[in-house]
Amino acid sequence: MKPLARYAALHSYVELGRSLGLDPVELIRAAGLDPASLSLQDRWVPAAAVADLLECSASASGCEDFGLRLAERRRFANLGPLSLVIREEPDVRSALRVMSRHEHMYNEALHTRLTEHDGIATIRVTLDLGAPGEPRQAIELVVGVLHGLLRGFLGTGWQPMEVRFTHDAPRDRRTHHRILGPHVTFDQPFNGIVIYTTDLDAPNAMSDPQLRAYAKQFLGPVRDVQSATTLDRVRQLIELLLPTGRCSVDQIARSLGVDRRTIHRHLAAEGETFTTLLDAIRAELAQHMVTSRRHTVTEIAELLAFSSPGNFSRWFRQRHGCSPTQWRTRGT
């Protein structure tokens with residue numbers, strides 16, 4: 001299946017797009033993504049769709065450095081739960097190794113490799129989107145975010161020896177030099193950052209020794225996306241797509257880059273069917289929504305893709321033995 005990335009990869013995309021005169025919502029929809037889900041940072045979507053969105057945005061805005069400008073707006077916390085662990089590592093080398101080892105927790109397409117030789121350290125990044133090529137904007141976003149993380153560890157005055165890109169240079173390099181420093185080169189054999197190994201030995205100013213053991217314990221129970229089953233992925237996509245009215249096995253298969261037969265086969269291997277899984281998730285969401293009182297019964301029926309409030313109420317009664325209104329009354 002095609003690799004996934006978290007919606008956090010698009011943090012501040014809407015703000016940047018509007019500042020450049022774009023219609024971000026229209027572009028997001030054209031890429032096959034859900035604008036309403038941008039606030040759900042831990043949701044997973046096809047990484048290729050994110051990369052396509054960045055390329056289209058750069059083209060529509062005429063901004064060759066769109067991905068890099070987006071990286072400039074990123075914050076350490078956008079790494080999600082992993083940021084809690086990385087910031088407590090004692091030095092830059094160990095922080096980079098933890099980030100590389102667990103990078104699949106925020107982007108399955110990203111691969112980072114750290115090598116050291118004769119006092120020089122090279123951090124190479126590649127993106128495997130399930131198709132040939134490495135989109136320029138996505139690469140510049142990844143390298144820009146990595147550069148920002150290193151500056152967070154080493155201080156705002158730090159500069160790398162060199163930042164390298166495999167693609168050709170933009171017409172205007174001012175944004176690259178402002179964000180990445182003076183030593184940015186293009187048409188190179190790899191994408192990444194070259195630094196001195198002494199930078200890796202620098203203590204992490206953010207680290208708190210008393211919190212380090214706690215952070216290590218936290219990493220254990222965090223869900224390992226690399227070992228996530230098809231059932232996990234389908235469940236997340238059902239929860240994402242239900243309110244859009246586009247929750248079908250065909251749509252989910254397209255999102256995962258496979259055909260519907262593959263979805264059915266994998267679910268059957270885990271003792272599930274798409275229909276039973278959809279119904280179970282609907283039931284969980286319905287019970288939560290009815291109990292929380294944040295939505296009317298009509299709104300819940302729409303969010304869970306029922307054809308009418310009456311159909312939703314009948315379905316709810318069959319599962320719980322009472323109407324949604326009676327369920328709410330019992331909970332008061």
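Helices (H or I, at least four residues) and strands (E, at least two) are DSSP runs, numbered from the N terminus. This structure is a predicted model, in which local features need pLDDT of at least 70 and side-chain atom pairs count only at pLDDT 80 or more, while totals for chains, interfaces and linings use all residues. Residues are numbered from 1 along each chain as its sequence is written, and side-chain values use heavy atoms, with hydrogens and water left out.

**Loop residues with positive phi**

- Ser12 is found in the loop between β1 (4-6) and α1 (13-19).
- The phi angle of Ser12 is near 70 degrees, a positive value in a residue other than glycine.
- Ser12 is buried, with a relative accessible area of 15%; buried means under 20% relative accessible area, exposed over 50%, and partly exposed in between (1.4 Å probe, protein chains only).
- Asp187 lies in the loop between β6 (184-185) and β7 (192-196), and its phi is near 55 degrees, again positive in a residue other than glycine.
- Asp187 counts as exposed, because its relative accessibility is 57%.

**Helix α6**

- Helix α6 is mostly covered, as seven of its 10 residues are buried.
- The buried residues in α6 are Val92, Arg93, Ser94, Ala95, Leu96, Val98 and Met99.
- Asp91 caps the N-terminal end of α6, with a side-chain oxygen 3.3 Å from the backbone nitrogen of Arg93.

**Salt bridges**

- A salt bridge is a side-chain nitrogen of Lys or Arg within 4 Å of a carboxyl oxygen of Asp or Glu, and a search of the whole structure finds 13 of them.
- Arg93 forms a salt bridge with Asp201, with the closest N and O atoms 2.5 Å apart.
- Arg93 lies in helix α6 (residues 92-101) and Asp201 in the loop between α9 (197-200) and α10 (209-219), so this pair ties together parts that are 108 residues apart in sequence.
- Arg93 counts as buried at 16% relative accessibility, whereas Asp201 counts as partly exposed at 46%.
- Glu116 forms a salt bridge with Arg97, the closest N and O atoms being 3.8 Å apart.
- That pair links distant parts of the chain, with Glu116 in strand β3 (residues 110-117) and Arg97 in helix α6, 19 residues apart.
- Glu116 is partly exposed at 37% relative accessibility, and Arg97 is partly exposed with a relative accessible area of 44%.
- Arg93, Arg97, Glu116 and Asp201 are linked in a network of salt bridges.
- Asp259 and Arg261 also meet through their side chains in a salt bridge (3.7 Å, N to O); Asp259 is partly exposed at 34%, and Arg261 is exposed at 62%.

- Leu146 lies in helix α7 (residues 136-154) and is buried, with a relative accessible area of 6%.
- Leu146 touches Leu96, Met99, Ile123, Val125 and Ile193, not counting residues up to four places away in sequence; contact means heavy atoms within 4.5 Å.
- The C-alpha atoms of Leu146 and Ile123 are separated by 9.2 Å, and these residues are 23 residues apart along the chain.
- His147 also has its place in helix α7 and is buried, with a relative accessible area of 2%.
- Leaving aside neighbours within four places in sequence, His147 is in contact with Trp158, Gln159, Pro160, Val163, Ile179, Leu180 and Ile193.

Technical notes:
A polar contact is a pair of N or O atoms within 3.5 Å; within protein, one must be able to donate a hydrogen and the other to accept it, and residues adjacent in sequence count only if both atoms are side-chain atoms.
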